[in-house]
Amino acid sequence: MQFNNVYMHPFGYELPPRVITSTQLEEELKDVYSRLKLPEGRLELMTGIKERRFWDEGTTPSRGAALAGKKALDASGVSPEDIECLIFTAVSRDMMEPATAAFVHNELGLAPNCQVFDLSNACLGFLNGMIIMAGMLELGHIKNGLIVSSETAEDLVGSTLKRLKADTTITRKSIKSSFASLTIGSGAVAMVMGNRQTGGPHRLVGGTYRANTAQNHLCRGGQTSAAGTLMSTDSEELLKQGVETAHATWNKFTGDLNWSQESIARFFCHQVGTAHARLLFETLGLDIAKNFETLEFLGNVGSVSAPITMAIGVEKGMLKKDERAALLGIGSGINCLMLGVHW
């Protein structure tokens with residue numbers, strides 16, 4: 001995928017007010033740790049995550065998305081009336097029906113002629129949204145569009161803690177599939193995209209996608225009335241298969257865009273853990289010093305993770321005018337999407 005007429009305005013993002021440390025989560029599991037003889041600090045040691053953010057009780061995904069969306073609109077200078085497409089891209093959603101995008105559209109006061117829909121693809125949702133929006137802009141179907149995402153981790157983490165404390169049959173081996181759920185954090189991000197005439201100073205150059213769906217069993221989440229939201233993850237195999245899929249994607253990505261790794265100033269990745277980042281960069285042969293991370297203080301924010309990391313990196317001056325950046329996304333399924341940006 002290559003684009004000649006797709007431009008990006010600066011991101012807008014919203015960080016939830018509550019800071020939850022890995023130490024606090026382990027304190028909740030004190031009795032479980034004692035029974036299984038697990039060492040304190042295991043969660044942070046395994047993942048590199050010191051803390052993550054949670055919303056105040058009652059905050060809906062649409063509310064977080066609207067807060068980030070308002071900031072993105074303000075940063076772009078584009079009027080809400082001129083947005084012709086709104087895509088909500090999170091795993092979290094307000095309810096089954098209507099689309100969460102409908103609530104965001106209403107809160108932001110977007111025009112009636114604005115297309116409104118949800119797009120969900122695990123942790124790749126926002127990046128997929130960028131590709132969908134780019135296609136509409138490239139074809140001239142719209143002049144301006146807004147992508148939003150807001151993840152709410154509170155129920156998943158809370159349900160996981162509750163189940164682990166209640167399950168007296170859990171073992172050191174069986175508890176592993178639940179640890180990934182404790183890395184999840186909340187947050188929201190948004191971005192306005194436009195064409196050559198209406199867009200910002202930053203260009204979306206193109207991207208490459210790969211699917212490895214034979215591995216769709218490695219991370220599965222769902223809802224049950226008795227236990228709340230739960231997720232089971234084979235972290236070790238997911239890491240292996242995800243990095244292998246990313247390797248194939250990277251080789252195609254550099255060829256499609258005719259970019260060398262040396263020409264890329266900064267990498268912004270979907271973040272799972274420090275071991276994942278090390279293996280990914282080692283396997284792809286990339287300089288990990290070019291990888292900007294927010295993992296330590298945001299955790300894994302699902303579809304928000306890669307774009308909010310880029311947003312904060314740009315804010316901190318980690319990417320300068322006319323430099324190239326690569327957004328590297330890997331999501332359960334397994335799916336991989338890499339995007340190239342000329343900033």
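How many residues of the lining of the second largest pocket are nonpolar, polar or charged? One is nonpolar, two are polar and four are charged. The legends below concern a predicted model, in which local features need pLDDT of at least 70 and side-chain atom pairs count only at pLDDT 80 or more, while totals for chains, interfaces and linings use all residues. Residues are numbered from 1 along each chain as its sequence is written, and side-chain values use heavy atoms, with hydrogens and water left out.

**View 1. Lining of the second largest pocket.** The pocket has a volume of about 150 Å³. Its lining consists of Thr 23, Glu 26, Glu 27, Lys 30, Tyr 33, Glu 40 and Gly 41. Two or more residues each come from α1 (22–28) and α2 (30–36), and α1 gives the largest share, three residues. A pocket is an open set of points on a 1 Å grid over the protein atoms alone, where a 1.4 Å probe fits, with protein on both sides within 12 Å along at least five of seven lines; lining residues have an atom within 4 Å of a point. Grid points are joined across faces, edges and corners, and the volume is the space filled by probe spheres set on the points. Ala, Val, Leu, Ile, Met, Phe, Trp, Tyr, Cys and Pro count as nonpolar, Asp, Glu, Lys and Arg as charged, and the others, Gly among them, as polar.

**View 2. Strand order in the open sheet.** Ten strands with mixed pairing follow the order β5-β4-β6-β7-β1-β8-β14-β13-β11-β12. At the edges are β5 (115–118) and β12, each pairing on one side only. Strands (E, at least two residues) and helices (H or I, at least four) are DSSP runs numbered from the N terminus, and two strands pair if DSSP finds at least two bridges between them. Three bridges join β4 (residues 85–88) to β6 (residues 144–151) in the parallel sense; Phe 88 has Val 148 of β6 as its bridge partner.

**View 3. Strand β11 and its neighbours.** In β11 (residues 266–269), Arg 266 and Phe 268 on one side and Phe 267 and Cys 269 on the other are all buried, that is, under 20% relative accessible area (1.4 Å probe, protein chains only). Four bridges link β11 in parallel to β13 (residues 324–331), where Leu 327 stands opposite Phe 268. Two parallel bridges connect β11 with β12 (residues 291–292), and Asn 291 is the partner of Phe 267.

**View 4. Thr 100 in helix α5.** Thr 100 belongs to α5 (residues 100–108) and is buried, at a relative accessible area of 0%. A polar atom of the Thr 100 side chain lies 3.0 Å from the backbone nitrogen of Asp 94.

How values were computed. Buried means under 20% relative accessible area, exposed over 50%, partly exposed in between (1.4 Å probe, protein chains only). A polar contact is a pair of N or O atoms within 3.5 Å; within protein, one must be able to donate a hydrogen and the other to accept it, and residues adjacent in sequence count only if both atoms are side-chain atoms.
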